[in-house]
Amino acid sequence: MPFTIKVNGTPHQVEVDGDTPLLWVLRDILGMTGTKFGCGIAQCGACTVHVDGNPVRSCLLPVASIGDHPVTTIEGIGATKTGAKVQKAWLDLEVIQCGYCQSGQIMSATALLAKNPHPDSADIDAAMAGNICRCGTYVRIREAIKRAAGET
Amino acid sequence: MSSNQEPKVSRRTLLSGGLAGGFVLAFHWPLRAAPVKQTEQFRDQPDFAPNAFIRIDSTGKTTLVMPQVEMGQGVYTSIAMILAEEMDASFDKIALEHAPPNDKLYANPIFGIQATGNSNSIRAFWDKLREAGAAARAMLIEAAAQKWQVDPASCSAADGKVTHAASNRTLGFGELAHAAGKLPAPDKPKLKDPKDFSWIGKPIRRFDTPNKTNGKVIYGIDAMVPNMKFASLKVCPVFGGKVKQVDDRAAKTLLGVRQVIVLEDLVAVVGDHMWAAKKGLDGLVVTWDEGPNATISSADIWNDLRAASKKDGVVAKSVGDVNKGLAQGERYDADYELPLLGHATMEPQNCTVHLTADGCEIWTGTQVVTRAQEAAAKAAGVPVDRVIVHNHYIGGGFGRRLEVDMVDSAVRIARHVDGPVKVVWTREEDIQHDVYRPVYRNTISASLSNGRIVSWKYRVTGSSIMARWFPPGFQNGIDIDAVDSAIDMPYDIPNRVVEYVRAEPPAVPTGFWRGVGPNNNVFATECFIDELARNAGVDPIAFRLGMLDGTPRLKAALQLVAEKSGWGKPLPARAGRGVSVQPSFGSFIATVVEAEVDGQGEVHLRRATSAVDTGIAVNPDTIIAQLQGGLIFGLTAALWGEITIDRGRVTQSNFNDYRMLRIDEVPPIDVHVIKSDERPGGIGETGVAAGPPALRNAIYAATGVALRRLPIDRAAIAAKKA
């Protein structure tokens, strides 16, 4: 069945079953591989994207549920003011190691700062606890969010 | 062939904001339809290619070929720094490439094959890379001196240029490349005096990270090949089992499902995208022949291991007279046990394959690129030189990608597919068909006299991974990895024996896991040392300091961490500090973990502090990052990690039941790098070994309970008084 979804401002028409998760539409059909597959059960956050600015796990989000709500992915987040600040803070503090989870980390952090420009440590922990990093970059993620908030 | 090539990166500055410049990462995907031999050194003909690592063209573009893989440990940046340092290259002109599979040119000098592991990239390549850079520099200077007809000794190099100061003449490396390419390479090029290093030792920003913030970096799982299909697989849940029967009628009716493939040991569904493949797999009705392992459980594995640990082992190290020593003073005995662990790399296992009449092309991220090539050749039934491997950035290795099973199964599936196919494992398959960190049991006896250890008898029982993976590492019954950090334990003890008993767990395949042998031996040693300190009535750090005169670098690290961690300062009830020290991977590290145990036995991490002497710290910020991350990796395992086996299959399946430490559970972590002129040590795995014993000793201090097994047993420490 055909669906039209708007990703980073551009509409795309795809022909899939309505239960197909947004993750696989992005990666395998649209070729936007920046959003990552980690677990498939919304436990790790690697697949985090924004729908209407809210962070969602795209591995469990059926394409049929999106309608005309705008989707933003890691490929588009740098075009937002907050997203660009987060990306810069990530580099300034050299957060990243293997980097596989970092698309999701940056999407979660950007969503947090967009809603709460000056989060405290508890806010950061609550907003980021759904994103697993196996390299263990958490200490620097916490610092980088504070750095990005300071530059807001 | 890759349609989503990575654009060039251009951003290179010191973290402190000093030097600016472009550090370009270029990928050279072969733009060819059919596989060709991937054995030639360079495809293009550079003006100047003094060795396998460096080539410079007439524009001065300096391409550095990376013999080790980047999986987050920062090694691409460190390797480039070493080459560029000795060359006096201009960082603006540098481009990096993944090395193609070629053991002759790019073998790790320690392993003899192209492998990235054992935290030895910098240790193994230090001399070779410095000499490669210095040779290039000497040849460029010689070329300039000949052109100017001056003594080469009167010329100098800096920032990609050669200068003759006396006549105020300068030529860029690009202008000299052609002439330098005609000169012989020097046998023993002169290396820089480390005091003249301008890059090594400074916190250089990583070149791989900008594209990791914007979705542009390409991991193996992201490879996109025109007209590719997508597949996922299900292996018999019981280790070693086979497919008996498959009913694929329902699966084949699903939209997007193209093909069901049944092999001896697995089923795969090929579709238009991963969701179709996954739904197709769920729709299959598979009957398995579970085979002889279907009755094995964790209890059997532990019973076997405990029985084996009662046997005498092969003596790997003997000093003094251990039995005589044990007869003196007060004797103590303890056993420590470590569980099976999975790797759970964030990037699930994957491999993309295109088989053609001419050969085989694969796209994946591997720590062993020549082994991946050989595995593909064998599974495809083609000669090795007809296999092209596109290696990628790796979304977590941790030892999992020292194996090539994901290449083998993908190629076997691809033999039944017309055109390219990307095989991606579900997380459940990734957890249930890993190659697991083996169970270990350590049996230790020691005697104390006048507050000092006089005898130490240590027996490690466990799988020999070396015997399978690297047979030269298993000789005369001794696995050099299994006894690593046991035979070279750092304490001055006059009578000492280390034995090894090889015991392979039934059914379960075992492999390297970040931290390898030292994880086990540092844990057992440091836990027992803490118990002995308590029996001697001495503070754990003071007790250790009294036995470290033979290892002064470790002693200095321990003194520093005592100061930086606030050791000895008051703590709340049921909170404690624990210490561990280690000489592992050529680095000397002392760590203090501070933790609190609540009434239910839940452990709350409060703080972690490490002091590290890793010799010359090539990129100090990377050293800090690896310690921070390694500690979290190790603490995750200590708090949660255990794979259990029931009826021949793994009980856990995903992150809901194979728990990872999350940001809200992670404390502040401070790492102090000690300045040193010694040769560089390894760093990537060190934190993993450091965290668990320090945490366990913190719990011991907080509760008085001497845990002797991981993961942490909450019931054992609930509501106990300190």
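Guide: What follows starts with the sheet, moves to its helices, and ends with the chain and its contact.

This is a predicted model, in which local features need pLDDT of at least 70 and side-chain atom pairs count only at pLDDT 80 or more, while totals for chains, interfaces and linings use all residues. Residues are numbered from 1 along each chain as its sequence is written, and chains are lettered from A and ligands numbered from 1 in the order in which they are written.

The sheet is open and has seven strands in chain B, in the order β11-β12-β9-β19-β16-β17-β18, with mixed pairing; two strands pair if DSSP finds at least two bridges between them, and the elements themselves are DSSP runs numbered from the N terminus, helices being H or I of at least four residues and strands E of at least two. At the edges stand β11 (257-262) and β18 (387-391) of chain B, each with a single partner strand, so one side of each has no neighbour in the sheet. From one strand to the next the twist averages 20°, where axes are lines fitted to C-alpha atoms (for helices, over the stretch in contact) and angles run from 0 to 180 degrees between N-to-C directions.

Within this sheet, strand β16 (residues 350-356) of chain B runs antiparallel to strand β19 (residues 421-424) of chain B, and four bridges join them. Opposite Thr352(B) stands Lys422(B) in β19(B).

Helix α9(B) packs on the sheet by touching β16, β17 (359-364) and β18 of chain B, and its direction makes about 140° with that of β18(B); two residues are in contact if their C-beta atoms, placed from the backbone, lie within 7 Å. Another helix, α6(B), lies across β9 (229-235), β11, β12 (266-271) and β19 of chain B and runs at about 30° to β9(B).

Helix α9 (residues 369-380) of chain B also packs with helix α10 (residues 405-414) of chain B, at an angle of about 30° and with the axes 8 Å apart. That makes α9(B) roughly parallel to α10(B), given that angles under 35 degrees count as roughly parallel, over 145 as roughly antiparallel, 65 to 115 as roughly perpendicular and the rest as oblique. The crossing of α9(B) past α10(B) is right-handed; a crossing is right-handed if the near helix is turned clockwise from the far one by less than a right angle, and left-handed if anticlockwise. From α9(B), Ala372(B), Ala375(B), Ala376(B), Ala379(B) and Ala380(B) meet Val407(B), Asp408(B), Val411(B) and Arg412(B) of α10(B). The residues of this contact comprise seven nonpolar, no polar and two charged, with Ala, Val, Leu, Ile, Met, Phe, Trp, Tyr, Cys and Pro counted as nonpolar, Asp, Glu, Lys and Arg as charged, and the others, Gly among them, as polar.

As for the setting, chain B has 18 helices and 30 strands, and its C-alpha trace spans about 75 × 75 × 45 Å along its principal axes. The contact between the chains takes 50 residues from chain B and 47 residues from chain A. On the side of chain B that touches chain A, the elements giving two or more residues are α6 (274-283) and α16 (620-640) of chain B, and α16(B) provides the largest share, six residues. By class, that side of chain B has 24 nonpolar, 16 polar and ten charged residues.
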